Amino acid sequence: MNAAAARHKGVGGEVAGDCDVILAPDIEAGNMFYKALNFLGGAVSAAVVMGASAPAVLTSRSDDEQSKLLSIA
């Protein structure tokens with residue numbers, strides 16, 4: 001997720017430090033990570049649950065308008 005951290009740790013490859021998607025093992029872990037990114041890190045994010053019969057937009061009541069729009073898009 002961070003190019004400088006990847007270089008410092010010796011992680012190489014085309015995508016090191018250039019993350020577009022983050023996967024979580026379950027909804028609880030994903031929710032904790034999502035909230036940490038948004039509230040502690042000031043991230044702008046979108047969330048969708050995949051794998052059901054149809055994609056489900058996953059928003060929080062505390063999400064701003066931009067996060068909700070990005071999740072729908």
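Which element gives the largest share of the lining of the largest pocket? The points below take up this question, together with the surface of the model, which is a predicted one.

1. The largest share of that lining comes from helix 2, which contributes 8 residues. The pocket itself, the largest in this predicted model, has a volume of about 860 Å³. Of the 27 residues that line the largest pocket, those closest to its centre are Ile 22, Tyr 34, Ala 46, Ala 47 and Val 48. Two elements, helix 2 and strand 1 (48-49), each give two or more residues to the lining.

2. In the chain, Ile 22 is placed in the loop that runs between helix 1 (3-9) and helix 2 (27-40). Ile 22 is classed as partly exposed because its relative accessible area is 43%, and the class in question lies between the limits of 20% and 50%.

3. In helix 1, Arg 7 may be considered next. With a relative accessibility of 62%, Arg 7 counts as exposed, because that class takes in residues over 50%. Between Arg 7 and Phe 39 there are 32 residues of separation in sequence, and their C-alpha atoms lie 26 Å apart in space.

4. Glu 28 belongs to helix 2, the element that provides 8 residues of the lining of the largest pocket. The relative accessible area of Glu 28 is 52%, and Glu 28 is therefore exposed.

5. Finally, Ala 73 is found in the segment after helix 3 (65-72). Its relative accessible area is 84%, so Ala 73 is exposed. Ala 73 and Ala 52 are 21 residues apart along the chain, with a separation of 18 Å between their C-alpha atoms.

Technical notes: Residues are numbered from 1 along each chain as its sequence is written. This is a predicted model: local features need pLDDT of at least 70, side-chain atom pairs count only at pLDDT 80 or more; totals for chains, interfaces and linings use all residues. Side-chain values use heavy atoms; hydrogens and water are left out. Helices (H or I, at least four residues) and strands (E, at least two) are DSSP runs, numbered from the N terminus. Buried means under 20% relative accessible area, exposed over 50%, partly exposed in between (1.4 Å probe, protein chains only). On a 1 Å grid over the protein atoms alone, a cavity is a set of points where a 1.4 Å probe fits but cannot get out, and a pocket is an open set with protein on both sides within 12 Å along at least five of seven lines; lining residues have an atom within 4 Å of a point. Grid points are joined across faces, edges and corners, and a volume is the space filled by probe spheres set on the points.
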